[in-house]
Amino acid sequence: PPPLIYAITPTYSRAVQKAELTRLANTFRQVPHFHWIVVEDSASRTELVSRFLARGRVPYTHLHVLTPRRFKRAGMPRATEQRNAALSWLRAHRTATDSGVVFFADDDNTYSLELFEEMRSTKGVSVWPVGLVGGRRYERPIVEKGKVVGWYTGWKADRPFAIDMAGFAVNLQVILDNPRALFKRRGAKPGMQESDFLKQITKLEDLEPKARNCTQVLVWHTRTEKVNLGNEPKRHQDSVLIEV
Ligand code: UDP
Ligand code: MN
């Protein structure tokens, strides 16, 4: 069988959460050989997400870990603990005989189906362009003679790996072979999560370019507008309780 794709999605409770997860599930449902690792930023698994996943259209593992309050400030990296919980789960439940590819799929991005077939052949660490990120229409790895030699970016160009979380995938065996590779809180600067993680497991010259030598955008760093709940009643008024 082809390698399983493990998509790691950190998610947190907010007005748009179920809408975001629905959009994601509608995509992921169509990807064969796929396993969704959903990690809630919460003290326990919520009813909403549990029921949503149990409706069963996508194979999944449901984890949770609460981000400590001191890490929930503006300018701090998000979802560090959740991504690490998923990496720990993989290291505890998968072995050297399992073939797979690990991808970090935030809950608000937009994913084409082609992206998953591109990443499925990842031997070590693969990379590709990401649309609508870094203050540009896209960022991308620059490829010469089939090798990544640098980055097309408009933001913090001195990052060792100037790439968004949605722009790379890692072979499962690389995750298992580097048991200490994790996302860092200590000393982590905004926008450096990807670089801090990738430098623990790979080198620039070893990156595998996908999406036609990094000339195609197959994933978009979309962000959902904050909803206006300004007309919500102070106390419950409707005659029924509705999950949104
Ligand atoms: N996230 C989370 N807890 C938070 C904030 C964000 O688990 O307190 C998740 C969110 O659901 C998403 C990922 O972390 O899957 C990245 O967050 P966001 O999309 O807000 O970041 P950005 O688009 O600014 O990189
Ligand atoms: Mn986002």
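A79 sits in the loop between β3 and α3, where helices (H or I, at least four residues) and strands (E, at least two) are DSSP runs, numbered from the N terminus. A79 is buried, with 24 other C-beta atoms within 10 Å. Buried here means 20 or more other C-beta atoms within 10 Å of the residue's own, exposed means 12 or fewer, and partly exposed is in between, with C-beta atoms placed from the backbone. A79 also has a positive phi of about 65°, although it is not a glycine.

A word on the model and its labels. This is a predicted model, in which local features need pLDDT of at least 70 and side-chain atom pairs count only at pLDDT 80 or more, while totals for chains, interfaces and linings use all residues. Residues are numbered from 1 along each chain as its sequence is written, and chains are lettered from A and ligands numbered from 1 in the order in which they are written.

C214 is found in helix α7 (residues 211-214) and is buried, with 23 other C-beta atoms within 10 Å.

Back to the loop between β3 and α3, which also holds T67. T67 is partly exposed, with 18 other C-beta atoms within 10 Å. Leaving out residues up to four places away in sequence, T67 touches D41, K72 and E81; a contact takes two C-beta atoms, placed from the backbone, within 7 Å. From T67 to L87 it is 20 residues in sequence and 16 Å in space, C-alpha to C-alpha.

| Residue | Other C-beta atoms within 10 Å | Class |
|---|---|---|
| A79 | 24 | buried |
| C214 | 23 | buried |
| T67 | 18 | partly exposed |
| T222 | 16 | partly exposed |

T222 lies in the segment after β12 (219-220). Setting aside neighbours within four places in sequence, T222 is in contact with D108, N109, T110 and L132. The C-alpha atoms of T222 and R78 are separated by 16 Å, though the two are 144 residues apart along the chain.

P10 has V39 as its bridge partner in β2, and Y6 stands opposite H35 in β2. β2 is largely enclosed by the rest of the structure, because 5 of its 7 residues are buried. Both strands belong to an open sheet of 7 strands with mixed pairing, in the order β3-β2-β1-β4-β10-β6-β11. At its edges are β3 and β11 (208-209), each pairing on one side only.

Elsewhere, β7 (residues 130-133) and β8 (residues 136-144) pair in the antiparallel sense over 3 bridges, with E139 in β8 as the bridge partner of V130. The two form a hairpin with 2 residues between them, and G134 in the turn has a positive phi of about 65°.

Helix α3 (residues 80-93) has 14 residues and reaches 20 Å from first C-alpha to last, close to the 20 Å expected at 1.5 Å a residue; the expected span is 1.5 Å times one less than the number of residues. Its buried residues include T80, R83, L87 and L90. Those buried residues pack against β1 (4-11), β2 (34-40), β3 (60-64), β4 (100-104), α5 (172-177) and α6 (193-198).

Finally, the core. In soluble globular proteins, nonpolar side chains tend to be buried together. The largest nonpolar core here has 54 residues, and those with the most contacts inside it are Y6, A7, I8, I37, V101, V102 and F103. Such a core is a set of buried Ala, Val, Leu, Ile, Met, Phe, Trp, Tyr and Cys residues joined through C-beta atoms within 7 Å. A7 touches F28, F34, W36, I37, F103 and A105, not counting residues up to four places away in sequence.

Definitions and conventions: Pairing = 2+ DSSP bridges.
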